[in-house]
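The points are numbered for reference.

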Amino acid sequence: MSADDASHAAARRVLLDGGRARGLYSGAAWSLGDAAGPYDRGWTGTRALDGPALDGQDLWDLASVTKPIVGLVVMALVDRGVLGLDDTVGHHLARYSDSPHAARTVAQLLDHTSGLPGGVPLYRDHPTRESLLTALGPLPRTAEPGTHVTYSSQGFILLGLIAEQATGQGLDDLMTDLVSAPLGLADTGFRPGPAGRARAVATEACPWRGRTVVGEVHDENAVVLGGVAGHAGLFATLADLERLACCLLGGGPPLLRPDTLTVMTAPRTDHLNLRRSLAWQGQDPVGSPVGDSFGQASYGHTGFTGTSLWIDPEAGRYAILLTNRVHPSREERGFAELRRDFHTIGA
């Protein structure tokens, strides 16, 4: 490591130690690297405010970083001819064949141009999986399809259902078969078992559940759906996300054909309000969550719990930041600025 690299690594640790001291989270883990692996990684703090110290084996609730990983499942099914990007909701899901969203395509769900609304708290009025799924059907469109990017967890719930219907497998099994097993991701999946929960990092002291959430998905709609959903619910370790990032940079076994990965990560919505590819965020004209240090071809995703994964294929590098910024409260206390600062150190 050069003197400059060592200085940048020290600055990142100071920044993230400071975030913990300011009460933005109880713990953080991070990794920066390239196709060969990490060149700066570490962790600081504890799994909960009154919990044990992080040890690098910690299990993090990825929140919406679930979306692009589920997107990889969908694109692997496209690779195999099981799904097509022009397939419609109504074609695969009979229960929505008469809904306003029946003609929406897999591609529109992936790039958030379907017109489906965003984070609707359906769990408040629909406490069972069946009632919540039924309530998805009549949700009003926010825009004409293809005319506006509206970030939609509801769209990714439908994508998970489409993948299950097309294959006859549960989304958790598809994740194992198409992502975790090929990459050797030992700890990435939905609904951690007892051993995983024992290593899980705490999230919110949740008023709805009346307790601090540990080892159970933070997102309430995903809770009602049983913890397995297209929009949220995945847990992973830092090491597993490093393997995934290296794969996306060409340093590991490929999950997708190269041309399919190119299609997935190429910007599709630059003529609209936000830059999106298939399941990934991009460098938005209104401001990237990771600042300006990543190239215009970079892509990634953030998660509500304080997680992020960002890939810069032109520079050949990745950045991972994992925190529990919703512990003990989801109140925004300055985390967004810290995340931008983290990604711009050494740029």
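1. The largest cavity is lined by Arg129, Leu133, Ile157, Gly160, Leu161, Glu164, Leu171, Leu225, Val228, Ala229 and Gly230. A cavity is, on a 1 Å grid over the protein atoms alone, a set of points where a 1.4 Å probe fits but cannot get out, and lining residues have an atom within 4 Å of a point. The space in the largest cavity comes to about 70 Å³, a volume being the space filled by probe spheres set on the grid points, which are joined across faces, edges and corners.

2. The model is predicted: local features need pLDDT of at least 70 and side-chain atom pairs count only at pLDDT 80 or more, whereas totals for chains, interfaces and linings use all residues. Residues are numbered from 1 along each chain as its sequence is written, and side-chain values use heavy atoms, with hydrogens and water left out.

3. Two helices, α5 (129–136) and α6 (153–167), each supply at least two residues of the lining of the largest cavity. The largest contribution to this lining, 4 residues, is that of α6. Helices (H or I, at least four residues) and strands (E, at least two) are DSSP runs, numbered from the N terminus. By class, the lining of the largest cavity divides into 7 nonpolar, 2 polar and 2 charged residues. Here Ala, Val, Leu, Ile, Met, Phe, Trp, Tyr, Cys and Pro count as nonpolar, Asp, Glu, Lys and Arg as charged, and the others, Gly among them, as polar.

4. There are 3 cavities of 30 Å³ or more. The second largest cavity has a volume of about 50 Å³. Its lining consists of Thr265, Pro267, Arg275, Ser277, Gln281, Gly282, Gln296, Ala297, Ser298 and Tyr299. These residues of the second largest cavity divide into 3 nonpolar, 6 polar and 1 charged.

5. A pocket is an open set of points with protein on both sides within 12 Å along at least five of seven lines. The largest pocket holds about 730 Å³ of space. Of the 36 residues that line the largest pocket, Ser64, Tyr151, Ser153, Asp219 and Phe304 lie nearest its centre. The lining of the largest pocket comprises 13 nonpolar, 12 polar and 11 charged residues. At least two residues of this lining come from each of α9 (220–224), β8 (299–303) and α12 (335–344).

6. The strand β8 also belongs to an open sheet of 5 strands, with the order β2-β1-β10-β9-β8 and antiparallel pairing. Strands β2 (37–45) and β8 stand at the edges with a single partner strand each, so one side of each is left without a neighbour in the sheet. Direction ignored, neighbouring strands of this sheet are turned by 5° against each other on average. Two strands are taken to pair if DSSP finds at least two bridges between them.

7. Strand β1 (residues 27–34) pairs with β2 in the antiparallel sense over 8 bridges, and the two form a hairpin with 2 residues between them. Glycine 27 has glycine 45 in β2 as its bridge partner, while alanine 28 stands opposite threonine 44 in β2. Strand β1 also pairs with β10 in the antiparallel sense, over 6 bridges; there, glycine 33 has tyrosine 318 in β10 as its bridge partner.

8. Helix α12 lies across β1, β8, β9 (307–312) and β10 (317–323), and runs at about 150° to β10. Contact means heavy atoms within 4.5 Å. Axes are lines fitted to C-alpha atoms, for helices over the stretch in contact, and angles run from 0 to 180 degrees between N-to-C directions.

9. A further hairpin is formed by β5 and β6, with 4 residues between them; glycine 210 in the turn has a positive phi of about 75°. Strands β5 (residues 202–206) and β6 (residues 211–214) pair in the antiparallel sense over 3 bridges, and alanine 205 has threonine 212 in β6 as its bridge partner. In β5, 4 of the 5 residues are buried.

10. Proline 127 lies in the loop between α4 (106–110) and α5. Proline 127 is exposed, with a relative accessible area of 64%.

Terms used:
Buried < 20%, exposed > 50% of the residue type's maximum accessible area, 1.4 Å probe, protein only.
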